[in-house]
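Reader: I have a model open and I am new to this. Can you show me how to read it?

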Amino acid sequence: MSSLDPVLLSRILTGLTLFVHIIFASLGVGIPVMIALAEWRGIRTKDPHYTLLARRWARGFVITVAVGVVTGTSIGLQLSLLWPTFMRVAGQAIALPLFMETFAFFIEAIFLGIYLYTWERFTNRMTHLLLLIPVALGSSASAVFITTVNSFMNAPQGFTLSDGILTDINPIAAMLNTATPTKVTHVLVSSYTMCAGVLAGLAAFSIARGNKHMYFKKALKLTVISTFVFAIATAIIGDFSGKYLAKYQPEKLAAGEWHFDTSAYATLVYGGVLDENNEVKFGLKIPYALSILAGNALNTEVIGLNEFPEDERPPLSIHYFFDTMVTLGVLLVVIPLIYMLRKRLPGKKVYPQWMMIGLMALGPLSLTAIEVGWMYAEVGRQPWIMRGYMKVTEAATTSTNVGWMLILFILLYLVLCFSCIKVLSKLFRNKNAIDEMKMLGIEGGERK
Amino acid sequence: MNYEIVGITVLWIFLFGYMIVASIDFGAGFFSFYSVVLGHENKVHNIIQRYLSPVWEVTNVFLVFFYVGLVGFFPDAAYYYGTALLVPGSLVIVMLAIRGVYYAFNTYGVSKENNKLYMALYGATGILIPAALSTILAISEGGIIGMRDGNVIVHWVTFFRNPYTWSVILLALVSVLYISAMFLTFYAKRSGDKEAFEIIRRYALAWSGPTILASLLAFFQINKQNPEHFQAMLHIAWMFVASFVCFVLAVYFVWKRIHLGWSFIFVMLQFAFAWFGYGRSHLPYVLYKYINIYENFTNDTMAIALISAFSLGIIVLVPSLILIMRLFLFDAKYIRGSSDKKG
């Protein structure tokens with residue numbers, strides 16, 4: 001038992017660090033894109049509201065970047081501290097993307113520093129905007145590289161394993177494994193969706209609190225439409241991911257869908273509970289949908305969970321993660337759609353209260369979608385750390401102090417998140433947009 | 001040159017880079033705190049803040065870069081050091097996290113006045129992190145990490161009783177303050193702030209003596225800890241002599257208040273000679289007797305891929321670093337504070 005305890009504790013600690021890091025990392029990937037969008041519109045339309053928007057987002061962004069950097073350092077070092085055996089093996093095959101990720105991060109760090117301190121330094125405002133390109137490219141590139149590492153763990157390739165030693169290693173093939181295309185694109189686009197959603201939620205919050213100024217309506221329009229576009233893209237790529245799973249990682253899809261016997265014309269189960277005989281109760285059953293999800297045809301044969309030995313099956317609870325992720329994904333398309341059709345809706349108000357509540361929810365909904373999506377992906381490859389090659393139990397540290405470290409990090413993350421929220425809300429409350437517009441003498445800055 | 005040497009040289013250069021930029025950062029945090037306690041915060045604090053603000057993120061990357069490179073070139077390092085360093089490694093992560101985050105919160109958040117508790121935390125971590133990190137150098141000399149029943153174990157008692165451990169910690173502490181003060185002397189002079197310059201110059205001179213004494217102490221403690229390593233160091237004794245000469249020149253310039261840019265270059269050379277001399281004589285071991293750069297090196301394909309990625313990365317990185325230095329370090333207007341501040 002004592003040799004198993006560090007394994008479970010290491011899993012919890014890694015999960016916890018990632019749980020915190022994923023939020024800030026996704027913000028780091030998407031927010032620069034949104035800032036660039038706003039600043040670009042500001043320059044193009046000569047509308048100072050958009051420029052102010054970019055500036056205010058950037059101010060908050062630094063705070064989240066700080067937390068992202070430290071939690072990222074945390075997970076980076078924890079990989080070796082908690083999973084030394086895995087890193088010894090994986091280091092032979094996937095050091096390249098890890099290495100490149102740091103380079104991308106380096107570029108991002110350098111240019112973000114420059115961007116933040118040069119708002120008034122260049123006469124041509126385009127020059128300042130151009131500084132954001134390396135920031136956005138750097139953050140997206142680090143997401144790409146680190147996701148290839150995760151893809152490798154799901155679909156290890158680019159080496160031969162003989163007697164526990166990796167040979168014939170091809171780092172490029174390891175990076176460009178079968179899971180990479182769908183995973184990388186899904187991660188990128190869902191991060192953009194999340195950031196657009198969070199910013200849309202914030203804009204809706206300001207309006208719901210009674211701010212009638214044009215500035216907020218412009219912010220809302222920009223962010224909600226972005227959410228819509230990115231969410232549609234995420235859904236399409238999510239569909240490709242499902243097809244990928246059906247072909248290359250069928251046990252994850254089967255566990256997620258509670259699909260036990262291999263069959264064509266497979267039914268998709270939504271919600272429900274499993275009884276002791278693995279029969280689905282109360283679930284919504286959509287005929288043929290799983291076959292369509294797996295291969296775009298009614299007769300696609302979907303491999304069932306019974307094909308896999310019991311000790312190689314992922315936990316069946318991931319079904320709920322999958323359902324939640326998909327449900328939230330749908331909401332992230334539908335709510336913005338209602339907003340876009342607002343002028344054709346019956347009723348006198350263009351911004352009815354119920355719609356504002358829905359728009360405010362875009363933030364928390366998109367955050368949750370990212371978290372459950374990752375949980376589905378990660379828990380879904382249990383019991384493997386390198387699918388088909390190394391189990392999680394073989395990879396964990398043998399140290400007996402993981403429990404204490406878990407407590408230490410729980411405290412750290414609680415303090416970090418709590419103070420981050422506090423600092424952010426203080427930042428925006430103390431210097432609200434209306435006052436700032438007055439101060440900068442932006443036209444329409446006075447309250448109407 | 002073979003891949004192994006290229007690999008370890010790349011890593012050593014990055015660790016050197018980290019040592020310099022992190023020392024400036026950590027020491028600056030301490031001086032900032034110290035000046036707040038003494039009550040001349042406004043004289044020194046602003047100068048320090050203006051330098052640190054745009055670069056705090058970059059400092060962290062040097063460390064991550066070294067760590068990732070180490071795991072990449074020497075995957076076994078992840079296994080031995082990873083297993084052994086769970087507790088100290090986690091403590092360093094927590095300190096780095098607190099330091100990084102609260103720096104950003106304080107600088108970019110709204111609170112204008114300096115919170116004493118926060119400043120104390122910032123100053124303390126600035127001293128504790130280098131001390132904690134430097135102990136890895138002591139562990140790398142061997143005798144601390146061992147194997148039992150196929151599992152890696154650490155002899156912490158031996159570690160804490162070892163005079164070499166303490167001499168390395170001492171060296172880390174004083175050299176952080178020395179490097180930082182020497183840099184800030186140069187920076188303050190450029191900003192034209194006479195008052196700050198005089199205060200920081202005194203710090204620099206005050207810490208130069210302890211630095212050289214601590215270096216000598218650590219140098220001779222290696223003989224006791226790992227005589228094989230010490231012999232190798234004697235073979236390249238000229239590097240340590242060169243280091244001492246650079247030290248004398250650097251301090252002389254600060255004493256005379258002249259050529260401060262050159263003075264800091266000599267500080268960097270002083271540490272470069274000592275650092276690369278130490279590193280070169282440490283070879284072929286990354287962890288004495290367990291990790292040998294020739295036996296525990298990654299496979300050839302990965303080595304080529306890593307070195308190519310590194311070369312390409314450098315092509316992007318160096319111009320970017322030069323850009324940020326030109327904008328903030330060597331831009332007289334920015335240093336004086338007449339240029340605009342953060343968005």
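**Where two chains meet**

Author: Start here: this is a predicted model. Across the interface of chain A and chain B, three residue pairs are in polar contact, both partners at pLDDT 80 or more.

Reader: Which elements of chain A give two or more residues to the side that touches chain B?

Author: They are α2 (48-82), α3 (84-116) and α14 (402-430) of chain A. α3(A) gives the most, with 25 residues.

Reader: What classes of residue make up that side of chain A?

Author: Sort them by class. The side of chain A that touches chain B has 44 nonpolar, 17 polar and six charged residues.

Reader: How many salt bridges are counted between chain A and chain B?

Author: The count is one. Look at the side chains of R88(A) and D76(B): they meet at 2.8 Å, N to O.

Reader: How much area do chain A and chain B bury between them?

Author: About 6,200 Å², with 76% of it on carbon and sulfur atoms. On the chain A side, F99(A), F106(A) and Y117(A) supply 14% of the area buried against chain B, more than any other three residues.

Reader: Now one residue. Is H21(A) buried or exposed?

Author: Compare its relative accessible area with the cut-off. Buried means under 20%. H21(A) has 15%, so H21(A) is buried. Find H21(A) in helix α1 (residues 5-45) of chain A.

Reader: Which residues does H21(A) contact, leaving aside neighbours within four places in sequence?

Author: G68(A), T71(A), G72(A) and I75(A).

How values were computed:
Residues are numbered from 1 along each chain as its sequence is written. Chains are lettered from A and ligands numbered from 1 in the order in which they are written. This is a predicted model: local features need pLDDT of at least 70, side-chain atom pairs count only at pLDDT 80 or more; totals for chains, interfaces and linings use all residues. Side-chain values use heavy atoms; hydrogens and water are left out. Buried area is the accessible area (1.4 Å probe) that two parts lose on being put together, summed over both. A salt bridge is a side-chain nitrogen of Lys or Arg within 4 Å of a carboxyl oxygen of Asp or Glu. A polar contact is a pair of N or O atoms within 3.5 Å; within protein, one must be able to donate a hydrogen and the other to accept it, and residues adjacent in sequence count only if both atoms are side-chain atoms. Helices (H or I, at least four residues) and strands (E, at least two) are DSSP runs, numbered from the N terminus. Ala, Val, Leu, Ile, Met, Phe, Trp, Tyr, Cys and Pro count as nonpolar, Asp, Glu, Lys and Arg as charged, and the others, Gly among them, as polar. Buried means under 20% relative accessible area, exposed over 50%, partly exposed in between (1.4 Å probe, protein chains only). Contact means heavy atoms within 4.5 Å.
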